[in-house]
Each structure stands twice: as structure tokens, then as C-alpha cells.
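Here are my notes on the salt bridges. Please read them with the model open.

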Amino acid sequence: MNLANLLIRTAKVFPHNAAVAHGDRDLYDYRELARRAAVLAGKLHSHFGLEPGDRVALCMHNSVAYLEVLYAIWYAGMVAVPINYKLHPREVDFIVEDAAAALLFVDDSSADGGDAMGAGLTVVDCGSREYAALLSGPEVAPAPYQPGQLAWLFYTSGTTGKPKGVMLSHQNLLQMSLCYFADVDSVAATDSMLYAAPMSHGAGLYNFPHVMAGARHLVPESGGFQPDEILALSQRYGGISMFAAPTMVRRLVEYCAASGADSGGIKSVIYGGGPMYVEDIRQALAVMGKRFIQIYGQGESPMTITALSRHHIGDSAHPHYLARLGSVGRAQSAVEVQVVDAQGRELPAGECGEIIVRGGTVMAGYWRNPAASENTLRDGWLYTGDMGVFDGDGFLTLKDRSKDVIISGGSNIYPREVEEVLLLHPAVSEVSVVGRPSAEWGEDVIAFVVCRGAEAPTSEALDALCLAHIARFKRPKEYRIVASLPKNNYGKVLKTALRESLAVAG
Ligand code: AMP
């Protein structure tokens with residue numbers, strides 16, 4: 001089924017529900033959102049001469065035009081290529097060219113298509129008069145649907161090389177959305193989805209369950225993540241859900257703790273995309289209460305590998321509570337998840353191996369990249385590159401990406417385990433552990449530590465903490481106190497950059 005039908009249905013059932021809001025103003029309802037999308041879809045054909053299957057890119061801030069452009073693309077049977085607006089123009093060029101996009105939507109302040117603008121690409125600024133004119137005219141019906149039809153080329157964050165276009169079909173995204181209801185959260189028509197993280201990725205993917213439920217799509221005026229603004233909007237509307245990277249959760253919690261702000265208007269914070277440390281989620285629960293749900297996914301199985309439910313995150317009386325809190329939860333409903341050895345054989349609970357996934361959300365492959373597709377999709381399974389271990393109850397704990405595992409003296413050391421321990425120190429605010437090549441041991445464990453206040457903990461104090469919690473050989477050889485950790489545009493720590501800094505500095 002074409003995803004455009006989700007919007008068509010909601011526009012019939014809840015025509016006057018607030019659909020899109022900008023800050024504290026409701027802009028238009030579902031009837032109007034569906035009209036705009038259907039009219040714009042017609043213009044993609046009639047004005048720009050595009051055909052079903054053509055790629056249409058968006059390089060826009062989180063904006064009120066985002067959803068109408070996405071749905072117009074699907075109405076027209078075309079493929080959306082959302083690009084993170086924070087990328088460098090050269091990276092935007094790379095994606096636009098790789099996708100062979102025919103049209104690029106930008107907004108006024110990101111109107112930078114780089115060189116690609118000169119390469120026969122049409123660029124439309126959603127803040128322009130030209131764009132406003134595209135929204136008047138006849139509405140068209142959705143293009144005929146072909147099974148397996150592509151909906152979204154999702155470009156990976158490219159922390160290890162050039163980004164690859166993950167081919168996500170309408171069917172993949174529908175299954176992802178059904179899993180939201182089954183494994184993540186319920187949505188009421190009175191709720192609001194607040195877009196604090198880029199709509200080109202996880203936050204934008206979660207538009208579907210909110211369209212299905214007839215909920216409001218709330219774009220903060222800042223277009224991004226400002227804790228004070230989020231709290232003010234939550235008090236204005238109530239029933240707010242948002243997707244947030246763990247670093248955003250920390251900032252939100254710190255803001256609430258410092259200001260004493262009432263977070264009652266925030267219904268759900270769905271976090272994922274990177275490790276959430278046990279100390280951090282405990283702090284979050286203490287300050288904001290049971291508003292948290294974790295998901296583990298990757299572009300190749302978007303938002304949908306496992307989920308740790310609100311219930312399990314709050315079930316502090318359970319004998320395995322802390323272990324569960326450090327896990328990413330159980331397989332979501334549309335997928336099978338296994339942990340396998342290097343030969344692809346399933347491992348029993350308690351043994352660590354690579355996580356593989358099979359099911360309705362798994363991508364068809366990488367766009368025009370058969371070699372990478374074959375390497376990642378084997379015998380119908382998606383090889384995630386993440387290492388993990390199941391417990392006897394089906395809860396999966398992520399170790400690290402296989403390339404981040406440190407091998408020292410022949411033993412595997414999972415950086416996350418060391419990071420969790422160092423974060424127990426009250427003066428440590430953030431930490432990232434990587435391996436540095438060593439002639440003697442293969443690799444040495446090095447910890448980069450960001451401190452909370454001016455006073456840095458001593459190496460002896462950090463050593464003592466490690467010795468109290470983990471095996472001696474896992475203890476870092478060196479602690480480097482740094483002002484901040486390098487992060488990509490999604491807030492993920494760039495371990496590659498940390499390793500490179502060690503190689504340069506020696
Ligand atoms: P991306 O495709 O850019 O969204 O990155 C996906 C990767 O982020 C996964 O393969 C994991 O390594 C990591 N990741 C996603 N969700 C989580 C989570 N809940 N906890 C820890 N790491 C995560």
C-alpha cells in the first residue's frame with residue numbers, strides 16, 4: 001500500500017484535527033495537509049515533468065513544509081531522498097548525485113545545493129513564491145502502487161566511508177509504523193509529535209504512526225532541540241512525544257533538574273540511535289518519571305530491531321532490573337533477531353556475537369550498490385555489524401559495533417562496559433573508550449573523559465573505580481581529559497575521530 005493512503009484516510013476520519021503546528025500556532029488541519037500534498041503531487045508531474053520512480057530530494061530544516069513535500073512525493077509514486085540539512089554542501093552534492101535526484105526541495109536558510117545545482121538539478125525553495133504557487137491547482141489521486149515500491153532512500157550517516165542509500169519500501173515503513181503501536185507506544189488523536197531531531201531521519205520516520213492516529217505534527221520555532229522551548233510547548237499542548245538521541249535526553253533531563261520545570265506535558269521520549277548508559281536513564285527516570293521508551297534500529301531496518309518498553313524501563317522491582325535497563329529490550333514484532341557467530345550460526349543466550357535481523361522492515365538493499373548489499377544481506381538476514389548478547393528472557397544487550405571492540409592481549413574488551421563504569425564517577429559527565437594500536441598488547445584501552453565541573457578526577461580515582469567493577473585488563477591505560485567529544489550531526493560520538501587523534505598525537 002502507498003503510504004499516501006495513510007494521510008488520505010486520516011483526512012477523511014479527522015479532517016479538522018490539527019495536523020501541522022509551528023511553535024505555539026496550529027497552522028492547518030488534516031484536510032488541508034492532504035490537499036496540499038495532493039496538489040503538489042500533481043505539480044511534480046505537470047510542472048516538473050517527473051515520473052513515478054523518480055527521486056526527489058529534500059534538504060530542509062525541520063519545517064512545516066516537510067510533511068506535505070514527503071506525502072506529495074508518495075502521492076506521485078516517486079521516491080523521497082531526505083538529506084540532513086546539517087551536512088556539508090559537498091556531502092549534500094554526493095547524495096543528490098548518488099540518488100540521481102531530479103528535484104531538490106530546500107528552505108530559505110539552507111538553499112545550498114552546492115555544485116549539484118549546476119548539474120541539471122531543479123531546486124525549489126519552500127519559502128519562495130514559486131513554491132506557494134505549486135500549492136494551488138487540482139488534487140491528484142495517488143499513483144498506482146507496485147509491490148515493493150520504494151518510498152524513501154535513507155542515506156546512512158557515513159561514519160565509515162561514503163553514505164549509502166538504504167532502499168526502504170512503502171511496505172517496510174508501514175511495518176515499522178505498526179511496530180510503533182505494538183512495541184513502542186500508543187498514540188491518541190489529541191497527542192502531538194514534536195520534531196526536535198532531524199526530520200530526515202528517525203524523528204521524521206515516526207511521522208507515520210502520528211498521521212495514522214490523526215495527531216498533531218509540531219515543529220518547534222527553533223526547528224531543533226531547545227529544552228526550554230520543548231518544555232514550554234509541552235505545557236501549551238500536552239501529550240507530546242518525541243524521538244531523541246541519548247545526548248538530547250541528557251540535556252533535557254539536566255534542564256528539568258536545574259529549572260524544576262514540570263515535564264507533565266511530555267508523554268513519551270523515545271530514545272535510541274546510540275548507547276544510553278544506565279546511570280543516565282536512572283537519572284532521567286528520577287527527574288522526569290516514566291516517560292521513556294528505548295528503541296534500537298538502524299537505517300537498514302528503520303527504528304525496528306528491538307524496543308525496551310516504558311513498563312520494563314520503570315519496573316524497578318524486577319530482579320534483573322539493572323541488566324534490563326542496560327539492554328535494548330526485546331525483538332520488535334515484525335522482525336526476528338538472532339545473535340550469531342562468525343559462521344552465521346545462532347548462539348545461545350549468554351554468548352556474544354553479531355546481531356542479525358530478518359523481517360518486514362529490513363531494506364531491499366543499498367541503492368545501486370550490489371556489492372555492499374550482498375555483504376550486508378545474506379540468506380535473507382541483515383547483518384547489522386553490531387555485537388550483542390541475549391539473556392534467557394529475550395532481552396538483548398548491545399556490546400559495541402564490531403569495529404569498536406578493542407582486542408588487547410588477545411581478549412575482547414567492549415568499550416561500552418568500561419564507559420558505563422567510568423560514568424559512575426560523579427565528576428564524569430561523558431566518556432568514550434577506544435583502542436590505540438600497541439606493539440605489546442595489540443591495542444591499549446584509552447578513555448576520553450569529559451568532566452562535569454572544573455575539577456577533573458585523578459587517574460588513580462578512575463582506576464580504583466574500574467578495579468572495583470571490571471576485570472583488571474579492561475582498565476584504561478590512559479585517561480585523557482577533554483572539553484568535549486567529537487560527534488556527528490546526529491549526536492553520535494565519532495570513535496573513528498578519537499582513534500585518529502590518537503594516531504596523530506601518538
Ligand atoms: P543509523 O543507521 O545511523 O541510525 O545507526 C544505527 C546504529 O546506531 C546501530 O547499528 C547501532 O550501532 C546504533 N544504535 C541504534 N540504536 C541504538 C541503541 N538504542 N543503543 C545503542 N546503539 C544504538
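1. The count comes to 23 salt bridges. A salt bridge here is a side-chain nitrogen of Lys or Arg within 4 Å of a carboxyl oxygen of Asp or Glu. The model is predicted: local features need pLDDT of at least 70, side-chain atom pairs count only at pLDDT 80 or more, and totals for chains, interfaces and linings use all residues. Residues are numbered from 1 along each chain as its sequence is written, and side-chain values use heavy atoms, with hydrogens and water left out.

2. Start with Glu-32 and Arg-36. Their side chains form a salt bridge, 3.4 Å from N to O. Both residues lie in helix 2 (residues 30–46), 4 residues apart, about one turn of the helix. Helices (H or I, at least four residues) and strands (E, at least two) are DSSP runs, numbered from the N terminus.

3. Glu-32 is partly exposed at 22% relative accessible area, whereas Arg-36 is buried at 17%. Buried means under 20% relative accessible area, exposed over 50%, and partly exposed in between (1.4 Å probe, protein chains only). A network of salt bridges links Glu-32, Arg-35, Arg-36 and Glu-68.

4. Next, look at Asp-191 and Lys-267. Their side chains meet in a salt bridge at 2.5 Å, N to O. Asp-191 sits in the loop between helix 6 (170–184) and strand 9 (192–194), and Lys-267 in strand 12 (residues 266–271), so the pair ties together parts 76 residues apart in sequence. Asp-191 is buried at 7%; Lys-267 is partly exposed at 22%.

5. Lys-403 and Asp-404 also form a salt bridge, with the closest N and O atoms 3.8 Å apart. Asp-404 is buried at 9%, while Lys-403 is partly exposed at 39%.
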